[in-house]
Amino acid sequence: MLFSRISRIRRTSINGCRWLLSHRPDHHHQFLCHDNHTSPTYSTQKVSGCGENISWGLPALHGFRHNIHHQSSSIVEEQHDPFSLVADELSILANRLRSMVVAEVPKLASAAEYFFKLGVEGKRFRPTVLLLMATAMDVSILEPPPSGPGDALTKELRVRQQRIAEITEMIHVASLLHDDVLDDADTRRGMRSLNFVMGNKLAVLAGDFLLSRACVALASLKNTEVVSLLAKVVEHLVTGETMQMTTTSEQSCSMEYYMQKTYYKTASLISNSCKAIALLGGQTAEVSMLAFEYGKNLGLAYQLIDDVLDFTGTAASLGKGSLSDIRHGIITAPILFAMEEFPQLREVVDRGFEDPANVDLALDYLGKSRGIQRARELAKKHANIAAEAIDSLPENNDEDVRKSRRALVDLTERVITRTK
């Protein structure tokens, strides 16, 4: 089913947020948000102890006046379920992933395939994004057998891009296995976590095994730039987790530190994987950066909503325990915003949350504040930026391309309105 109607989107400012472009000596562009009503300004200053700067804005996009979630359209666009658009490919990927994680040792095999078994694969959010991004870059979905040399090349490229989706999912699941050990979690995806069932040692080894399989698949692409991108992702995952484990009192109350950690732990994987999809497709540096910016801001929005749901969701809806972050002493956006309204909350945070009474007190302050609302607003801003990145891609009249781009924009809305 192809696009029948394409909307014309009215461009407006984002929630009254004024974006200023500044140029740094290293030629990276930076956007700073000045907003008197919601989120605090946070820029790209280097966080102490981290090796690189991360820009939270959207560099070099023309016409940044686009609020995708508050739009008026002269033509109503047909809606498509993003997941159904790539359902057939997702099924192929799921089968291939199960075959890729087979191990010689039975115990390791059982552990490695734990979250790849039929029915427990999760939302497969990241592979969906990457397959849609591939089509949005004008790479056809595989359908009939190739009829000529050009079709054969397109098929080969699509298979290589599918491989990126598989690698990304293996890295993601490996990070979940390791995180559950570090957090001493007992549930994941609505079932017992692997470390709870098989023990910490086997869970760590299973995560390592998945990373090794991802490395083998990555090497088979024979593209050094893509290999470097995804190797950097693994470094970022380790860096982000270390930042979380070694946070000082001052750092735990810093929005800058929180956002950089969030990029490393969540957004780096999807942003660099989106960029890898574009690079494999032979896209220009500018288009590849648009793919990166989409993934980065979608990932930041996703994690911000995750942090909100940790307070507002139930264990049943989340598939894991609620209030898990604050009980582990992890300070996230809702509490950081609440602290701005109630500075005395800082004293509670500094005391730690081993005492349940401190958890209750922090929740009391959070309930009286706009912390949850402001975290949602910040997620919405990042979702808007992600949507703008897709809107800024070079024009293309192919109906499948347009349909995939619309689905990517639709995902930005789904991310900020989800309840689990």
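**Entry 1: burial and surface**

I looked up burial, and 54% of the 420 residues of the chain count as buried (under 20% relative accessible area; exposed is over 50% and partly exposed in between, with a 1.4 Å probe and protein chains only). I am working with a predicted model, where local features need pLDDT of at least 70 and side-chain atom pairs count only at pLDDT 80 or more, while totals for chains, interfaces and linings use all residues. I also note that residues are numbered from 1 along each chain as its sequence is written, and that side-chain values use heavy atoms, with hydrogens and water left out.

Next I looked up the surface: the chain exposes about 18600 Å², and carbon and sulfur atoms supply 53% of that area. The areas come from the Shrake-Rupley method with a 1.4 Å probe, and for residues only the protein chains shown count as cover.

**Entry 2: helices, strands and contacts**

I found 18 helices and 4 strands in the chain. These are DSSP runs numbered from the N terminus: helices are H or I with at least four residues, strands are E with at least two.

How much of the contacts with a separation of 6 or more comes from residues 24 or more positions apart? I get 75%, where contact means heavy atoms within 4.5 Å.

**Entry 3: aromatic rings**

My search of the whole structure gave 4 aromatic pairs. Rings of Phe, Tyr and Trp (its six-membered ring) pair if their centres lie within 6.5 Å; planes under 30 degrees apart are stacked, over 60 edge-to-face, and the rest tilted.

One of the pairs is Tyr 263 with Tyr 264, which is tilted, with 5.9 Å centre to centre and 55° between the planes. Why does Tyr 263 count as buried? Its relative accessibility is 3%, and Tyr 264 counts as buried too, at 2%.

Another pair is Phe 342 with Tyr 365, also tilted, at 5.6 Å centre to centre and 40° between the planes. I like this pair since it links distant parts of the chain: Phe 342 is in the loop between helix H14 (333-341) and helix H15 (345-351), and Tyr 365 is in helix H16 (residues 356-368), 23 residues apart. Both Phe 342 and Tyr 365 are buried.

**Entry 4: charges over rings**

I then looked for charges over rings (NZ of Lys or CZ of Arg within 6 Å of the ring centre and within 35 degrees of the ring normal). Arg 126 has its charged end over the ring of Tyr 302, 5.8 Å from the centre. Arg 192 lies over the face of Phe 196, 4.3 Å from the ring centre.

**Entry 5: salt bridges**

How many salt bridges does the structure hold? I have 18, each a side-chain nitrogen of Lys or Arg within 4 Å of a carboxyl oxygen of Asp or Glu.

Glu 166 meets Arg 163 at 2.8 Å, N to O. Both lie in helix H5 (residues 149-183), 3 residues apart, about one turn of the helix. Glu 166 is buried at 0% relative accessible area, whereas Arg 163 is partly exposed at 21%.

Glu 293 and Lys 296 form another salt bridge, with the closest N and O atoms 3.2 Å apart. Helix H11 (residues 285-312) holds both, 3 residues apart, about one turn. Both Glu 293 and Lys 296 are buried.

Glu 377 pairs with Arg 370, the closest N and O atoms being 3.3 Å apart. Glu 377 is buried at 16%, and Arg 370 is partly exposed at 31%.
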